[in-house]
Amino acid sequence: MMEIRVNGKPMQVDGVRTIADLLKRQGIKPILVAVEHNGSIVPRAEFETRTIEPGDTLEIVHFVGGG
């Protein structure tokens with residue numbers, strides 16, 4: 001179990017190693033979000049390989065369609 005911050009709130013996660021793992025655990029489709037990891041925007045192609053460590057900070061922004 002490790003603690004990270006997601007969208008400004010502390011979150012305890014277990015068995016989460018990558019951004020893709022976190023999104024899957026949260027039921028979020030990767031195609032519908034942008035992710036910032038410790039202040040850097042993460043290219044979608046790196047979601048599967050970018051690892052999350054205790055104390056990391058993530059911002060997950062959902063895209064909203066419409067017009």
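This is a predicted model: local features need pLDDT of at least 70, side-chain atom pairs count only at pLDDT 80 or more; totals for chains, interfaces and linings use all residues.
Strand 1 (residues 2-6) pairs with strand 5 (residues 57-62) in the parallel sense, over two bridges. To find this pairing in the structure, look for R5, which stands opposite T57 in strand 5.

Now turn to strand 3. It runs antiparallel to strand 5, and five bridges join these two strands. You can follow the pairing residue by residue: V33 has H62 in strand 5 as its bridge partner, while E36 stands opposite E59.

Stay on strand 3 and go on to H37, which lies in that strand too. Is H37 buried or exposed? Its relative accessible area is 7%, and because anything under 20% counts as buried, H37 is buried. So what surrounds H37? Setting aside neighbours within four places in sequence, H37 is in contact with I19, V42, R50, T51, I52, D56, T57 and L58. One of these, D56, also has a polar link to H37: the two side chains make a polar contact at 2.8 Å. T57 is a residue you've already come across, as the one opposite R5, and here T57 turns up among the contacts of H37.

For a contrast, step back along the chain to K29. This residue sits in a loop, the one between helix 1 (19-26) and strand 3 (33-37). K29 has a relative accessibility of 56%, and because the cut-off for exposed is over 50%, K29 counts as exposed. Which distance separates the C-alpha atoms of K29 and H62? The two residues are 33 apart along the chain, and their C-alpha atoms are separated by 9.5 Å. H62 brings you back to the sheet, where H62 is the bridge partner of V33.

Note on methods: Residues are numbered from 1 along each chain as its sequence is written. Side-chain values use heavy atoms; hydrogens and water are left out. Helices (H or I, at least four residues) and strands (E, at least two) are DSSP runs, numbered from the N terminus. Buried means under 20% relative accessible area, exposed over 50%, partly exposed in between (1.4 Å probe, protein chains only). Two strands pair if DSSP finds at least two bridges between them. A polar contact is a pair of N or O atoms within 3.5 Å; within protein, one must be able to donate a hydrogen and the other to accept it, and residues adjacent in sequence count only if both atoms are side-chain atoms. Contact means heavy atoms within 4.5 Å.
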